[in-house]
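Please read the points below with the sequence and the structure open. They are meant for someone who has not seen this entry before.

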Amino acid sequence: MDAAAFATKIRDALAPRSLGAWPTPLEAAPALARALGLNALWLKREDRAGGNKVRGLEFLLAGPPAPAPRSVFVTIGGTGSTHCLATAVHAKALGYRTVLAQFPQPDTDASRAVAAATAAAANLVVRASSQVTLPWAVLLAWRAAHRLGPGTPHWVPGGGADPHAVVGHLLAALELSMRLDASPPDAIVVPLGTGGTAAGIALGVAWLGWSTRVIAVRVAARIVANRWRTLRLAKQAAALLRHAGLEFRVPPSAFRVEVVEGLGKGYGHPTPEGERARVLALEHGLRLDPTYGAKAFGFFLQRATGNVQRAVFWHTFAWP
């Protein structure tokens with residue numbers, strides 16, 4: 001079965017919503033590749049469809065019966081969380097309500113823009129004073145959600161790290177294979193936060209039978225951003241597909257995820273390597289945020305050029 005046919009089967013079996021404009025562009029960047037010492041570089045522009053989180057939300061927002069204008073979704077993240085923003089924006093567009101529990105993160109142009117857009121789209125944002133008090137903010141948010149709508153609110157895991165959402169990123173990897181007019185790349189470089197995007201890409205690479213390495217650059221705390229959790233999400237998504245009646249069996253050795261360090265001082269804190277990468281990318285017309293994209297792109301400045309010559313960079317951040 002080819003990738004297009006398999007993608008159609010997945011959508012038919014799991015019936016996600018249609019929230020994004022697919023496929024997202026795959027852009028060759030020869031000048032940027034030369035600046036990095038690469039033979040070839042492609043940019044997977046998930047930012048052009050509202051960011052990578054939209055992929056998962058097509059599945060995570062598909063559950064409530066329609067019409068359900070008073071259904072409420074609750075989720076968590078930092079004040080600059082693109083997941084929180086995407087959840088609030090797309091839930092509102094569908095007629096649902098959102099309550100968010102958020103912890104503070106460093107103040108940057110990107111985080112301020114995301115926070116402002118999130119506040120405008122969400123019905124309620126409960127701010128924790130720190131990550132330590134986030135559980136209390138989650139409790140307050142859950143209670144508030146009960147008052148906003150009938151029945152039990154719908155919980156969306158932080159970052160959209162759910163097997164259903166992982167399937168959305170699997171579809172993106174299948175889409176990549178249909179858009180790439182060349183042999184498989186040596187590596188796909190992607191930010192690693194809660195792991196759903198990297199898990200879906202790894203799942204797609206495994207199904208395609210590529211030897212491509214998924215380079216997941218850690219941008220969040222190790223407790224959520226780690227190889228074990230990423231592979232667990234991938235395997236859970238594979239089990240979900242089999243439960244839906246789809247044939248999906250790949251050996252464990254086919255999951256080629258490598259986690260490299262990019263966090264620095266902490267989540268949302270710009271790093272020197274990330275800032276150098278951000279400046280270089282901007283010189284070539286590619287705008288990166290300091291929390292996710294710049295840190296992931298910094299991988300190309302840290303590694304020896306010999307082991308990766310042809311790469312895809314997964315551009316996940318959409319500026320509000």
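Leaving aside its neighbours within four places in sequence, which residues is F6 in contact with? Point 2 takes this up.

1. Basis of the note. This is a predicted model, in which local features need pLDDT of at least 70 and side-chain atom pairs count only at pLDDT 80 or more, while totals for chains, interfaces and linings use all residues. Residues are numbered from 1 along each chain as its sequence is written, and side-chain values use heavy atoms, with hydrogens and water left out.

2. F6. Beyond its neighbours within four places in sequence, F6 is in contact (heavy atoms within 4.5 Å) with M1, L174, W207, E247 and F248. F6 belongs to helix α1; helices (H or I, at least four residues) and strands (E, at least two) are DSSP runs, numbered from the N terminus. With a relative accessibility of 2%, F6 counts as buried. Buried means under 20% relative accessible area, exposed over 50%, and partly exposed in between, with a 1.4 Å probe and protein chains only. The C-alpha atoms of F6 and G204 are 11 Å apart, and the two residues are 198 apart in sequence.

3. Overall form. The protein chain has twelve helices and ten strands. Its radius of gyration is 19 Å, close to the 20 Å that the globule rule gives for 320 residues, so the chain is as compact as a globular protein of that length. That radius is taken over C-alpha atoms, and the rule is 2.2 Å times the number of residues to the power 0.38. Along the principal axes, the C-alpha atoms fill a box of roughly 55 × 45 × 30 Å. Of the 320 residues, 58% are buried. Among contacts with a separation of 6 or more, 81% are between residues 24 or more positions apart.

4. Cores. A nonpolar core is a set of buried Ala, Val, Leu, Ile, Met, Phe, Trp, Tyr and Cys residues joined through side-chain atoms within 4.5 Å. The largest one has 65 residues, and those with the most contacts inside it are I10, V167, L174, L203, L241 and W314. Not counting residues up to four places away in sequence, V167 touches I10, L14, F59, A237, L240 and L241. A second, separate core has 24 residues, including L32, A33, V189 and A294.

5. Helix α3. Eight of the eight residues of α3 (residues 53-60) are buried, so this helix is largely enclosed by the rest of the structure.

6. F297. This residue sits in helix α11 (residues 293-297) and is buried, at 0% relative accessibility. Apart from residues up to four places away in sequence, F297 touches L32, L36, L41, A277, A281, L286, L288 and F313. F297 and P191 are 106 residues apart along the chain, with 8.4 Å between their C-alpha atoms.

7. Backbone to check. Most residues other than glycine have a negative phi, and most peptide bonds are trans. A15 has a phi near 50 degrees, a positive value in a residue other than glycine. A15 is exposed, with a relative accessible area of 51%, and lies in the loop between α1 and β1. A cis peptide bond, with omega about 0 degrees, joins W22 and P23. P23 is in the loop between α1 (3-14) and β1 (26-28).
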